Amino acid sequence: MSIIDGLLLELQNRKLEGRYRQLKKQKQGVDFFSNDYLGFARSEGFRSRLHDILLQYPDSIMGATGSRLISGNSDLHMEIEQSVASQHGFESALLFPSGYSANLSLFSTLPKKGDTIILDEKVHRSVYDGCRLSAAVRWKFRHNDLAQLEDLLKKAKGRIWVGIESLYSMDGDFAPIQEIAALCKQYAAALIVDEAHAIGTCGLGLVDHYNLQDLVFATVITYGKAMGLSGASVLGSKCLIDYLVNYSSTFIYSTGLPDFHALSIRASYEFLSDNMLLISVLQENIKQCDHVKESDSIPFRSPIIKVRFSEPRDLDMATGLLEKQGILGYAIKYPTVPKGEEMLRISMHAFNSREEIELLKNCLKEVNNE
């Protein structure tokens with residue numbers, strides 16, 4: 001069998017299992033599937049700000065011309081990184097082209113042979129991929145299970161690294177971040193928090209909300225979701241950032257981002273500051289879903305709603321049913337989630353109308369009865 005024949009066979013098997021992925025043309029409908037939680041990516045006001053920035057800095061749209069350690073650095077980049085760090089209450093920040101590359105950098109660079117990495121089992125794939133490039137031992141603990149996390153912390157050897165998300169992208173639930181931070185302090189473990197889905201939806205994130213900066217070794221903030229852009233920042237101490245600049249392959253050997261990217265990120269923070277009411281609007285829209293209950297420990301509701309299906313084909317039928325009603329949701333399948341945990345993921349937004357949310361609720365009831 002040739003290499004191509006082998007690849008085609010794997011793809012055919014995936015099709016037979018109902019798990020085949022393919023790029024599709026953009027669909028029209030009510031958006032309950034994007035990560036544009038606050039509507040920045042569709043905001044005329046935000047777009048106007050970015051247009052003004054481009055007029056003010058016309059050369060900023062051009063490429064950086066090289067790695068930031070060669071020709072690709074700029075004063076603007078460094079100024080904006082310091083501004084981002086200050087807003088989040090950290091000493092330093094480093095910009096990356098994506099949250100994936102930021103997590104890859106942290107978990108491939110920091111843990112060494114003899115160290116122990118302990119991950120929540122539902123942390124993002126980019127974290128796992130970063131760990132595969134490290135020689136450290138890697139363990140998982142059951143999702144949000146503090147008792148098992150402590151058991152593993154007691155057994156861990158070498159330097160200990162703990163990876164979690166503050167708001168989980170698949171299940172849409174929150175980490176008990178205060179308790180985890182306290183455990184990490186107790187066992188001298190370095191806590192790394194991915195705030196990709198919490199930034200914007202929860203103000204500046206839960207690390208900021210609970211003032212946990214002194215207990216968190218590093219935070220990853222991404223801009224491709226509620227902030228309406230792309231890219232990410234790693235936040236931490238000056239020592240951490242200096243270490244990544246010296247040892248992180250994903251940073252050292254990547255072309256720097258255009259200045260316009262950094263300027264846009266600064267604008268997104270300013271736009272968030274001027275439009276904090278959108279967070280309240282989002283929270284009210286989430287509350288409109290009857291089955292969403294307010295958490296006793298988290299002052300925010302999650303914008304991510306999951307509807308479980310045991311069979312991929314049932315999930316496809318449910319997605320098709322929603323599409324017939326003009327609703328765009330997203331089917332999450334294995335291997336993105338474990339077999340048996342396939343789901344329809346619904347994302348709520350500040351721009352969804354009450355009528356749209358009522359239509360969604362009625363469709364979900366119909367889906368559950370199918």
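**Loops, helices and cores**

Tutor: We can start with Thr 65, which lies in the loop between helix 2 (44-56) and helix 3 (75-88). Keep in mind that this is a predicted model.

Student: OK, what is the phi of Thr 65?

Tutor: Phi of Thr 65 is positive, about 80°, although Thr 65 is not a glycine.

Student: And is Thr 65 buried or exposed?

Tutor: Thr 65 has 66% relative accessibility, and the cut-off for exposed is over 50%, so Thr 65 counts as exposed.

Student: Which residue other than glycine has a positive phi near 55°?

Tutor: That is Ala 188. Ala 188 sits in the loop between helix 7 and strand 6 (190-194), and Ala 188 is exposed, with a relative accessible area of 67%.

Student: Since helix 7 came up, how does helix 7 pack with helix 6?

Tutor: Helix 6 (residues 146-155) and helix 7 (residues 177-186) pack at an angle of about 15°, and their axes are 11 Å apart. Angles under 35 degrees count as roughly parallel, so helix 6 and helix 7 are roughly parallel to each other. Their crossing is right-handed.

Student: Which residues of helix 6 and helix 7 meet?

Tutor: From helix 6 there are Leu 146, Leu 149, Glu 150 and Leu 153, and these meet Glu 179, Ile 180, Leu 183 and Gln 186 in helix 7. By class, this contact has five nonpolar, one polar and two charged residues.

Student: Switching topic: which residues touch the most other members in the largest nonpolar core?

Tutor: That core has 83 residues, and Ile 118, Leu 153, Val 162, Ile 164, Leu 191 and Met 348 touch the most other members. Helix 11 (residues 259-274) gives the largest share of this core, eight residues.

Student: What is Met 348 in contact with?

Tutor: Leaving aside neighbours within four places in sequence, the contacts of Met 348 include Phe 32, Tyr 37, Leu 282, Cys 289 and Leu 360. There is also a second, separate core of 25 residues, with Val 123 and Ile 241 among them.

Student: How many residues of helix 5 are buried?

Tutor: Six of the eight residues in helix 5 (residues 125-132) are buried. Among them are Ser 126, Tyr 128 and Asp 129. What covers the buried residues includes helix 4 (99-109), strand 3 (116-120) and strand 4 (137-141).

Student: Last one: where is Pro 335?

Tutor: Pro 335 is in the loop between strand 13 (330-332) and strand 14 (343-347). The peptide bond from Tyr 334 to Pro 335 is cis, with omega near 15°.

Definitions and conventions: Residues are numbered from 1 along each chain as its sequence is written. This is a predicted model: local features need pLDDT of at least 70, side-chain atom pairs count only at pLDDT 80 or more; totals for chains, interfaces and linings use all residues. Side-chain values use heavy atoms; hydrogens and water are left out. Axes are lines fitted to C-alpha atoms, for helices over the stretch in contact, and angles run from 0 to 180 degrees between N-to-C directions. Helices (H or I, at least four residues) and strands (E, at least two) are DSSP runs, numbered from the N terminus. Angles under 35 degrees count as roughly parallel, over 145 as roughly antiparallel, 65 to 115 as roughly perpendicular and the rest as oblique. A crossing is left-handed if the near helix is turned anticlockwise from the far one by less than a right angle, and right-handed if clockwise. Contact means heavy atoms within 4.5 Å. Ala, Val, Leu, Ile, Met, Phe, Trp, Tyr, Cys and Pro count as nonpolar, Asp, Glu, Lys and Arg as charged, and the others, Gly among them, as polar. A nonpolar core is a set of buried Ala, Val, Leu, Ile, Met, Phe, Trp, Tyr and Cys residues joined through side-chain atoms within 4.5 Å. Buried means under 20% relative accessible area, exposed over 50%, partly exposed in between (1.4 Å probe, protein chains only).
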